[in-house]
Amino acid sequence: MKTAAEQAPVKRSRAAEAPAASSEAKAHDVVLQVRDLAVDIRTHRGTVRAVNSVGFEARAGETLALLGESGCGKSMTAKALAGIMDPVCDLADGQIVLNGTDLAALSAKERLKFAGPGLGIVFQDALTALNPVYTVGTQLGEAFRIHRGLNARQARAEAIDLMKRVGIPEPESRVNSYPHQFSGGMRQRILIAMAVALNPRLLIADEPTTALDVTVQAQIMQLLRTLREEGQMAVILITHDLAVVAEEADSVAVMYAGNVVESGPVSEVFADPRHPYTKGLLESVPVHLERGAQLKSIPGSPPELHDIPAGCVYQSRCPLVQDICRAERPALRPVTSPVNDADAGTATANVPSGGPSRPARTAACHFSEEITNA
Ligand SMILES: Nc1ncnc2c1ncn2[C@@H]1O[C@H](COP(=O)(O)OP(=O)(O)OP(=O)(O)O)[C@@H](O)[C@H]1O
Ligand code: NI
């Protein structure tokens, strides 16, 4: 539970003061600010913390990647933001400030009302996300009937418009088709259409191309970029693929065992990682990043959720581990980097979050300043 003081809204950006469904967000305005997010799961072995003091921000017209190995809490974070967690999960702490409103402080009902226009989410598995017994037109039109009070005919017209927007051919006839009558790529376009129907400020895409073949993946990423530009949406892209992050994202938050261990602009983080886990990830793929490269070559595996150690979450795999790492959990704090120091005046590690400049670089490591990039 939170005290009233802890629920106080964070400083509003210009975007936060504009109406929720407007597409007039100014590029780089902070649309979403997540602070101290924690999610607990009730299991038969007791309650475990799957997401722990996670924080990041997403900006209009930019893509933030959530990067990390399988099981590190990316989807759990996404579901917490969207308010669609499994019943065994609880939001234990944190603020999710979207357009100036803390979603974490809203009731489930208020949140539903807010969610449609404010935030859209796309998952990897389009077939299970669509209802097999309704036409895609009915499903695409639903948001307009519920949130805009349109009648069936008007909603159908909006559905056809949406299908055009996401590049589905012959929308006038295909609006009456059922999900199974579409290819995987077209179904993913339909899901994306549903997510952007009400022109949300924020689009969360959780491994949106994992189930698709390579050419279709590229088309879907292109579509997401186009929609991002058109609506100046902030996009949170969840992936375990370093090449996708390098190509698609402006900034990155690297997650490990439920924690953000490093964050900042992609170009800086990849050129000069300040956390041993990020460095390990980067070293685990060939020099020329390729899509689909697996992040498997860091020896060992992440800790089980019921067995997260005191101290640093990465200690069991870290080549730099010292006594202090076993005793004390390093906080995510601003780090300086030769890369952004060289970038005279435009960015420093001490830019306050929410400010107009590029996101600050942070890392959660006792020895972040000592990491070398030989
Ligand atoms: N309903 C649940 N009950 C118990 N544990 C769960 C449940 N859902 C997720 N978990 C656990 O929570 C942790 C975080 O899972 P999450 O799905 O967020 O990982 P992820 O980073 O999205 O991984 P992936 O890349 O495989 O999708 C994992 O250890 C997972 O096993
Ligand atoms: Ni996931």
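Strand β3 (residues 63-67) and strand β9 run parallel and are joined by four bridges. Strands here are DSSP runs of E with at least two residues, helices are runs of H or I with at least four residues, and both are numbered from the N terminus; two strands pair if DSSP finds at least two bridges between them. This is a predicted model, in which local features need pLDDT of at least 70 and side-chain atom pairs count only at pLDDT 80 or more, while totals for chains, interfaces and linings use all residues. Residues are numbered from 1 along each chain as its sequence is written, chains are lettered from A and ligands numbered from 1 in the order in which they are written, and side-chain values use heavy atoms, with hydrogens and water left out.

Buried means under 20% relative accessible area, exposed means over 50%, and partly exposed lies in between, with a 1.4 Å probe and protein chains only. In a regular strand the side chains alternate between the two faces of the sheet. In β9, Ser251, Ala253 and Met255 point one way, Val252, Val254 and Tyr256 point the other way, and all are buried.

Strand β9 also pairs with strand β10 (residues 259-265), this time in an antiparallel arrangement with six bridges. Serine 251 has proline 265 of β10 as its bridge partner, and valine 252 has glycine 264. Two residues lie between the strands in this hairpin of β9 and β10, where alanine 257 takes a positive phi near 50°. These strands belong to an open sheet of eight strands with mixed pairing, in the order β6-β7-β8-β3-β9-β10-β12-β11. Its edge strands are β6 (119-122) and β11, each of which pairs on one side only.

A second topic is the open sheet of four strands, which has antiparallel pairing and the order β2-β1-β4-β5. Here β2 (46-59) and β5 (101-102) stand at the edges with a single partner strand each, so one side of each is left without a neighbour in the sheet. Strand β1 (residues 30-43) pairs with β2 in the antiparallel sense over 10 bridges, and glutamine 33 stands opposite glutamate 57 in β2. Strand β1 also holds aspartate 40, which counts as buried at 15% relative accessibility. The side chain of aspartate 40 makes a polar contact of 2.8 Å with that of arginine 49. A polar contact is a pair of N or O atoms within 3.5 Å; within protein, one must be able to donate a hydrogen and the other to accept it, and residues adjacent in sequence count only if both atoms are side-chain atoms.

Turning to ligand 1, 14 residues surround it, the closest being Ser70, Gly71, Lys74, Ser75 and Met76; a residue is near a molecule or strand if one of its heavy atoms lies within 4 Å of it. Helix α2 (residues 74-82) gives the most to this shell, with three residues. By class, the shell has six nonpolar, four polar and four charged residues. For this count, Ala, Val, Leu, Ile, Met, Phe, Trp, Tyr, Cys and Pro are nonpolar, Asp, Glu, Lys and Arg are charged, and the others, Gly among them, are polar. Polar side-chain atoms reach oxygen atoms of ligand 1 at 2.5 Å from serine 70 and at 2.8 Å from serine 75. For aspartate 86, a polar side-chain atom lies 3.1 Å from a nitrogen atom of ligand 1. Taken alone, ligand 1 exposes 640 Å², and the protein buries 65% of that; accessible areas come from the Shrake-Rupley method with a 1.4 Å probe, and for residues only the protein chains shown count as cover.

Leucine 305 sits in the loop between α12 (276-283) and α13 and is partly exposed, with a relative accessible area of 28%. Although 254 residues apart in sequence, leucine 305 and valine 51 are 9.6 Å apart in space, C-alpha to C-alpha. Glutamate 328 is in the loop between α13 (323-327) and β11 (333-334) and is partly exposed at 45% relative accessible area.
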